[in-house]
Amino acid sequence: MGKGMGGVLSKKKKADDSAAPPPKDKEEAAPEPKAAVEPAAAVEAAPPVELAKPAEPAAPSESTAPGAVTDPASDSISEAAAVKKDAPESKKMSFDYTLQPHSTIPGPEGPLMVCILDGFGENEFKDEYNAVHVASTPTIDALRAVPKRFRTIKAHGTAVGLPSDADMGNSEVGHNALGSGQVVDQGARLVDIALETGKMFEGEGWKLISQAFPKHTVHFIGLLSDGGVHSRADQLFGCLRGAAARGAQRIRCHILTDGRDVPDGSSVKYVAELEAVLTELREKGCDARIASGGGRMKVTMDRYEADWSMVKRGWDAHVLGKAPFTFTDAKTAVTTLRGTEEDPVSDQYLDPFVIVDEAGAPVGAIEDGDAVVLFNFRADRMVEISKAFEYQDFTTFDRERYPVGLRFVGMMQYDGDLKLPANYLVPPPEILHVSGEFLVKNGITTFACSETQKFGHVTFFWNGNRSGYLDAKLEQYLEIPSDKIEFNKAPDMKAREITAASKEAILSGKYKVVRVNFANPDMVGHTGDLAATIRAVETVDACVKELLETVDQVNGRWIVTSDHGNADDMVQRDKKGKPMKGEDGKLLPLTSHTLASVPFFIGGKGLPDGVVLRDDVPDAGLANVASTTFNLLGYEAPSIYKPTMVQNAA
C-alpha cells in the first residue's frame, strides 16, 4: 500500500515542530450545520460598446503567466454549461450520472479528503516576500519531496474561464473549476461579450433601467478598480457610455475603493479615470457625477452575512445620502480619508463618504423612480446589498426609506436559486453536471467544511453556483463562523476549529468524501501584512499535518491543493521581478491574488503505490482535479470532464 503521512514525513529530516503554533483546545464545540447560502431585477439604438484592453498586472513578471490561448471559449465545455433560461429541464434530467468502477484503481477503504489551501501559490519569486516560501512548513515541504505525487497546476486566466492569462484567478472561479471539472466562460468574459456585441443593451434588465432614463437618475454601485475579481473599471465605463448614448439624462456613481485586488493607494488613479469619463459624458449633455463611496471592507461589500453593518453603511451613503464624511469631490474624499503617511488608511477600509453640492445637499441620493445597477459581476459580495434593494419586506436593518418604483438590476444574477436579483444585465452561466451531482446520484456521502469567509466556496461555487444541498440526506455542510476582525490581527482564523470538525467527520465513517477549505493564506494575505501571513501559512501547515494523519488512521486517501495564489507574493514588483518602493522609500505591499500556479498533492495510507501523477498533461489546471478525485474514489471520471492527472503505473 501507499505511504501514509508518517511515511512521508520520515523521508526527510523533520523540522522543529515548535515553530508551528500550538493547537487550541480540541474539545471546542463546533456550530450546528448550516445549509449552503449564496456566498451563503423604447430607446434609440446605439452601437455596441468597445471595451478597453485590461491593464496588465504590474506585480508579476512576464514569465509568471503561461502562454495565452487564442480562443478561450474553444476550451470551454459548452454541453455542460448553459445560460439558465436556455437550459431545458429535460436536458438536465436525461443525463446519465452512473459512475463506472475504475479499471485499475480500486476504491479506498476510508474516505477521500480534498483539502483546499486558499490563496497558497507556488511562486517563481522565492525570496523574503513570499510568505509560503519563508514560513516553516514541514508538512508541505515533505509532500513536495515525494516523487510522482506532487506537481503544480494552473489556477488563473483561460485555465479557469477568464478572458486572458493576464487575469488573476480567484476563489469563485477556482472553486467552480474544482467542483465542476470543466472550464466555463466566467463573469468577466460574459460581461465583455455582452458589451462587445451590444446584447447587454437589448436584454430585459436594460429595458427596465432605461425606463428611468428620461426623467430619473440611473445609479451605478460597485467596486472601482481593474482587479478583475469582482469588477472591472472598463466595464463600468462601457455601461456609463452605453446609458448616456441611449438617452440617460442623469447618472450617479457610488464607488467602493479596492486596495485588495489591486495595489493599495491606487484608488486615486481609478477616481481620476472615472472622473475623465464622467466629464466626457457631461460634455455630451448627460449630468454624470460621483455621488458616494467608501472602502470595500467597510462599506456595502460584506459577504456570507458576516457583518451586516457594512451593508447598512452602504445603504445610508448610497440611498439616503448620509455618511460621517462629506466632500464636494471624490478625489478630495479619497485622498483625505486615506490619512497621513504617519497614520495611513488602506483603500479597503476607507470610511463611507457622500459628495454634496455648495449648499451641503447630497448630489446623488437614490430617489423614487430611479434605477440602480450593481456593476460587480462576482456574486458573493453583492448578495446582501441586493436583498436590501430587492426585498420590500427587508428587516435585517432599518433602511429608513425605500425608494418607490425603484428599478433595480445586477450586472448578473447573483443567486440563481433565490432568483436574486430578479432582473440583471448579463445572463449567468449555470454549470451543469458538477461533481457533487455525480456523487449524490451514486449514493456517495460528502462532508464539506470551512469558516464563513470561504463557506460559500466549498458549497455554492463548488456546486456550480447553486445554493443549499444537492441532497440533504447524503451531504453535510458545516460553517464555522469567522471572526469579525481584520484577519492579520488573528491570522490563525478558524483553522483549528475547521481541523477539529473535519477530523471528527473523517473518523465518523459516515462520509466517503471530506471537503475542507482553509481561508488563512488568502484572507490574511489580502491584508498585506507579511508577518501575519507567514503565521497564517504555518498554522495551516500544522493543521494539514493533523488531517493527513487522521486520514491515515482510517486507511483513506487525500488530495491537497489550492484555488489561486496570494500569500506566495506580498510585495509589488516591476517587470523584472524586483520589489518596488513608494515615494517614501517603503516597500509597496501586494494585497491581491497572484498569477502563480498552485500545488497539487496526492497520497494517503490507502493509496496503492502504483497510483502516481501522469506526465502527459503538462497544462493541467483546477478543472482537472474533479476527474482525479473520481479516480481516487475508484471510479472512471465523467467523459465531459477535463482529463485526470493520475494513473496506476503498477
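The following legends describe close-up views of a predicted model.

**View 1. The largest nonpolar core and the surroundings of Leu240.** The largest nonpolar core comprises 79 residues. Within this core, the members that touch the most others are Met200, Phe220, Leu240, Ile251, Leu274, Phe389 and Met411. Beyond its neighbours within four places in sequence, Leu240 contacts Phe220, Ile251, Cys253, Leu274, Val277, Leu278 and Leu281. A separate, second core contains 39 residues, among them Ala177, Val513, Val625 and Met645.

**View 2. The aromatic pair Phe95–Phe438.** The structure contains 19 aromatic pairs. In the pair formed by Phe95 and Phe438, the ring centres are 5.9 Å apart and the planes lie at 85 degrees, so the arrangement is edge-to-face. The pair links distant parts of the chain, its two residues being 343 residues apart. Phe95 lies in the loop between helix H2 (89–93) and strand S2 (112–117), whereas Phe438 belongs to helix H13 (residues 435–441). Phe95 has a relative accessibility of 24% and therefore counts as partly exposed; Phe438, at 3%, counts as buried. Both residues belong to one aromatic cluster that also includes Tyr97, Phe630 and Tyr641.

**View 3. The aromatic pair Phe460–Phe461.** The rings of Phe460 and Phe461 have centres 5.1 Å apart and planes at 75 degrees; the pair is therefore edge-to-face. Phe460 and Phe461 are both buried.

**View 4. Arginine side chains over phenylalanine rings.** The charged end of Arg246 sits over the ring of Phe201, at 3.8 Å from the ring centre. The charged end of Arg573 sits over the ring of Phe125, at 4.2 Å from the ring centre.

**View 5. The open sheet of 7 strands****.** The strands follow the order S3-S16-S15-S2-S14-S12-S13, and their pairing is mixed. Strand S3 (150–153) and strand S13 (475–480) form the edges, each pairing on one side only. On average, and with direction ignored, neighbouring strands are turned by 15 degrees against each other. Strand S12 (residues 446–451) and strand S14 (residues 513–518) run parallel and are joined by 4 bridges. Val514 in S14 is the bridge partner of Phe447.

**View 6. Helices H16 and H19 against the strands.** Helix H16 (residues 495–508) packs on the sheet, where it touches S2, S12, S13 and S14. The direction of helix H16 makes about 170 degrees with that of S12. Helix H19 (residues 625–632) lies across S2, S3, strand S15 (557–561) and strand S16 (598–603). Relative to S15, helix H19 runs at about 165 degrees.

Conventions
Residues are numbered from 1 along each chain as its sequence is written. This is a predicted model: local features need pLDDT of at least 70, side-chain atom pairs count only at pLDDT 80 or more; totals for chains, interfaces and linings use all residues. Side-chain values use heavy atoms; hydrogens and water are left out. A nonpolar core is a set of buried Ala, Val, Leu, Ile, Met, Phe, Trp, Tyr and Cys residues joined through side-chain atoms within 4.5 Å. Buried means under 20% relative accessible area, exposed over 50%, partly exposed in between (1.4 Å probe, protein chains only). Contact means heavy atoms within 4.5 Å. Rings of Phe, Tyr and Trp (its six-membered ring) pair if their centres lie within 6.5 Å; planes under 30 degrees apart count as stacked, over 60 as edge-to-face and the rest as tilted. A charge sits over a ring if NZ of Lys or CZ of Arg is within 6 Å of the ring centre and within 35 degrees of the ring normal. Two strands pair if DSSP finds at least two bridges between them. Axes are lines fitted to C-alpha atoms, for helices over the stretch in contact, and angles run from 0 to 180 degrees between N-to-C directions.
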